[in-house]
Amino acid sequence: IGFPNIVQAAEPLRTIGLGVSIINEIQGRASKDTGMKISGQALGYGALFGKTLNQNDQFDVSECYFDMFDAMIPSGVFQPIDTKRISNWDNVSNLTKTGMLTPGSQIGDGDAPFRQLWVDKNGKRTKGPSRWISAVPTIHNADSLGYNPDDTGRKIESWAELFSPDFKGRVALINVPQVGVMDAAMGMEALGLAKFGDKGDMTRAEIDLLMDFLIVKKKEGHFRAFWQTFGQSVNLMVSGEVVIQSMWSPAVTAVNAEGVPCIYASPKEGMRGWHGAKAISAKATGKALDQAYEYVNWWLDGWAGAFVARQG
């Protein structure tokens with residue numbers, strides 16, 4: 001009788017992110033298509049930021065966001081990604097590579113991906129395009145305000161409505177500094193109370209002005225809540241606790257699915273863009289690194305993009 005054949009099972013790919021990309025259907029389909037086990041952990045924004053920055057031995061891929069990269073790139077928690085190993089790299093939009101969809105487009109403020117994308121083979125920033133990138137750009141959108149039209153009684157067409165006294169006590173703001181601060185600045189600027197040079201890179205004086213305004217609003221009882229996770233924003237609207245708030249489009253879709261009317265506003269002042277990415281931990285080596293590249297490439301194959309697009 002021969003000895004049993006002992007096979008070392010491959011470790012699952014460990015990925016972390018927000019609830020907009022760590023979704024059972026997505027990781028399940030990726031596992032089916034690639035043949036590897038995938039363990040996805042959905043976190044709140046603060047927890048995702050902290051784990052990505054401080055525990056890069058606890059994940060292989062971080063499904064993070066470019067506004068985090070001023071902290072992540074200098075810290076060396078990511079390894080540079082070789083675009084030669086990204087099969088659809090040539091098809092990735094110029095929105096991320098140059099900051100413009102078409103020649104002559106207006107370049108966005110703040111941490112637009114093209115300012116955070118390019119690095120050398122050692123992970124150090126470069127001034128222009130390189131073979132190496134900090135992360136592979138994936139999902140992106142432009143966010144604004146979600147509102148219940150039955151409760152507001154009117155169409156929302158300006159960020160100024162975030163601070164309308166008509167909605168006092170039934171307003172929620174996203175509790176993510178890099179995001180909520182810009183939402184508030186959009187509202188304050190729309191009211192004509194301030195003019196910001198770059199809402200994604202404010203001066204000390206601009207920050208002080210905005211914070212003083214928000215402190216007054218909070219003391220007045222203007223805000224019902226400050227949310228951090230996708231689910232919290234959905235619950236606030238479904239329960240009727242808020243009528244207008246910072247919102248992500250998938251959350252608007254989820255509220256409507258619960259039978260509660262919710263509209264995504266298109267403010268005349270424009271929307272606040274965001275861009276997600278797939279970054280690979282500097283600790284990933286060998287099989288784990290190969291699996292990370294396979295997962296990232298799968299995200300650019302089409303299925304994941306189509307699935308996320310259905311969320312709005």
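## Glu63 in strand β3

In this predicted model, Glu63 lies within strand β3, which spans residues 61-65. Glu63 has a relative accessible area of 0% and is therefore buried, since that value falls under the 20% cut-off.

Two polar contacts involve the side chain of Glu63: one reaches the side chain of Ser21 at 2.7 Å, and another, of 3.5 Å, joins Glu63 to the side chain of Lys278. Both partners return in the list of residues in contact with Glu63 once neighbours within four places in sequence are left aside, a list that holds Thr15, Ile16, Gly17, Leu18, Ser21, Ile22, Gln27, Leu48, Ala277, Lys278, Tyr295 and Trp299.

## Packing of helices α1 and α10

Among the residues in contact with Glu63 are Gln27, Tyr295 and Trp299, and these residues also take part in the meeting of helix α1 with helix α10. Helix α1 covers residues 24-34 and helix α10 covers residues 286-299, and the two pack at an angle of about 115° with their axes 11 Å apart. Helix α1 is therefore roughly perpendicular to α10, and the crossing of the two helices is right-handed.

## Residues at the helix contact

On the α1 side, the contact is made by Ile26, Gln27, Arg29, Ala30, Asp33 and Thr34, which meet Glu294, Tyr295, Trp298 and Trp299 of α10.

Conventions. Residues are numbered from 1 along each chain as its sequence is written. This is a predicted model: local features need pLDDT of at least 70, side-chain atom pairs count only at pLDDT 80 or more; totals for chains, interfaces and linings use all residues. Side-chain values use heavy atoms; hydrogens and water are left out. Helices (H or I, at least four residues) and strands (E, at least two) are DSSP runs, numbered from the N terminus. Buried means under 20% relative accessible area, exposed over 50%, partly exposed in between (1.4 Å probe, protein chains only). A polar contact is a pair of N or O atoms within 3.5 Å; within protein, one must be able to donate a hydrogen and the other to accept it, and residues adjacent in sequence count only if both atoms are side-chain atoms. Contact means heavy atoms within 4.5 Å. Axes are lines fitted to C-alpha atoms, for helices over the stretch in contact, and angles run from 0 to 180 degrees between N-to-C directions. Angles under 35 degrees count as roughly parallel, over 145 as roughly antiparallel, 65 to 115 as roughly perpendicular and the rest as oblique. A crossing is left-handed if the near helix is turned anticlockwise from the far one by less than a right angle, and right-handed if clockwise.
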